[in-house]
Amino acid sequence: MKQILFTLLFACALFAKEVQIVVDVEGDVASTSTVTRLVRDAVVQNGDSPVEESDNKLNVSLMPLGYSIVVVGELEKNGKAKNSAKLKAENPEELDIILERVVSATLKSESVKENEEVGKIAEQEKDEMEVRKGVRKYKSFGVGPTLWHDTHGNTSFLFAFDAKVLFEVAPLWAIMMQGDFAVGVNPSVNHMDFVVGPRYYFTATRFSPFVGLGFGVGAFIHNISDQNRHGYGFAGSAQAGLVMFRTSAAQLEIGLHYGYILDGFDPSEGTGKAGLYLGLNI
């Protein structure tokens, strides 16, 4: 047992390094002597040894930024910067945690995100998952003619309309949720689906061509023949078109749309429709 313990201590000693500490505190954000003691303690906890002179120099700087304190650590070896880490303290009371994590990350050549622990979370990190980029939301309504078909060669012209929501998450990308319904009276045909998918705009200009894909579920019913008079299953759709006046809050959209619904899980059975539509995005 003693031999194992001695071996472990010897291994730790081999990887430990001597570190010269240099602390720079701007303004009156904290006492330099207090910060120096906290940094020395963090170096020891990391398994290294604070010394007066060394080729390894740990520079720790505290800088005021509004009501916060930015802590920056930089490790130099023979005058060359080897690694750095940065974290912001929202108040002086959490400087002990911030300094410990910055020093550890700097000496271990890692990110401060890698040494997060329960009880050692900075104030700025508590709500970081709640901060998001804003999106532009459009409600869209479209109408147009469409040609319906099934896998048995039956076809029919239908009247189609759709309602969708577009979330523009980037200048060239949007997330689309769309419900589409097509109906014919003579013969009676109903084709409906709900899909979700991405849309890509080729430009971010006033007139923007686009393509889009969607996947979801759908159902159909018709009385054209005795075969497959009704069914439901997975649905897919594809769109291509042009958004006019895209830089405005109200837009006009014209495009081609194709949707297909499987009858259950059988790819050989199902119905599809291809059509032209004109839509308003508001």
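Q: How many bridges join E7 to strand E8?
A: In this predicted model, strand E8 covers residues 173–184 and runs antiparallel to E7. The number of bridges that join E7 to E8 is 11.

Q: In which sense do strand E6 and strand E7 pair, parallel or antiparallel?
A: Strand E6 spans residues 136–150, and strand E7 spans residues 155–170. Their pairing extends over 14 bridges. The sense of this pairing is antiparallel.

Q: Which residue in E7 is the bridge partner of lysine 137?
A: Strand E6 comprises residues 136–150, and its partner strand E7 comprises residues 155–170. The bridge partner that lysine 137 has in E7 is phenylalanine 167.

Q: Which residue in the turn of the E6 and E7 hairpin has a positive phi?
A: The hairpin formed by E6 and E7 has 4 residues between the strands. In that turn, a positive phi of about 90 degrees belongs to glycine 153.

Q: Is asparagine 281 buried or exposed?
A: Asparagine 281 lies in strand E13, which covers residues 266–281. Residues count as buried under 20% relative accessible area. Because its relative accessibility is 0%, asparagine 281 counts as buried.

Q: Which side chain joins that of asparagine 281 in a polar contact of 2.5 Å?
A: Residues that asparagine 281 touches, not counting those up to four places away in sequence, include Tyr138, Ser140, Leu166 and Glu253. With the side chain of glutamate 253, the asparagine 281 side chain makes a polar contact at 3.0 Å. The polar contact of 2.5 Å joins asparagine 281 to the side chain of serine 140.

Q: Which element gives the largest share of the lining of the largest pocket?
A: The largest pocket holds about 160 Å³ of space. Two or more lining residues come from each of helix H2 (32–45) and helix H3 (95–108). The largest share, 4 residues, comes from H3.

Q: How many residues of the lining of the largest pocket are charged?
A: Among the residues that line the largest pocket are Ala42, Gln45, Glu100, Arg101, Lys108 and Lys120. The lining includes 1 nonpolar residue and 4 polar residues. The number of charged residues in this lining is 5.

Conventions
Residues numbered from 1 in each chain as written. Predicted model: local features only at pLDDT ≥ 70, side-chain atom pairs only at ≥ 80, totals over all residues. Heavy atoms only, no water. Pairing = 2+ DSSP bridges. 1 Å grid on protein atoms, 1.4 Å probe; cavity = no way out; pocket = protein on both sides within 12 Å on 5 of 7 lines; lining within 4 Å. Points joined across faces, edges and corners; volume = space filled by probe spheres on them. Nonpolar A, V, L, I, M, F, W, Y, C, P; charged D, E, K, R; others polar. Buried < 20%, exposed > 50% of the residue type's maximum accessible area, 1.4 Å probe, protein only. Polar contact = N/O pair within 3.5 Å; in protein donor to acceptor, adjacent residues only side chain to side chain. Contact = heavy atoms within 4.5 Å.
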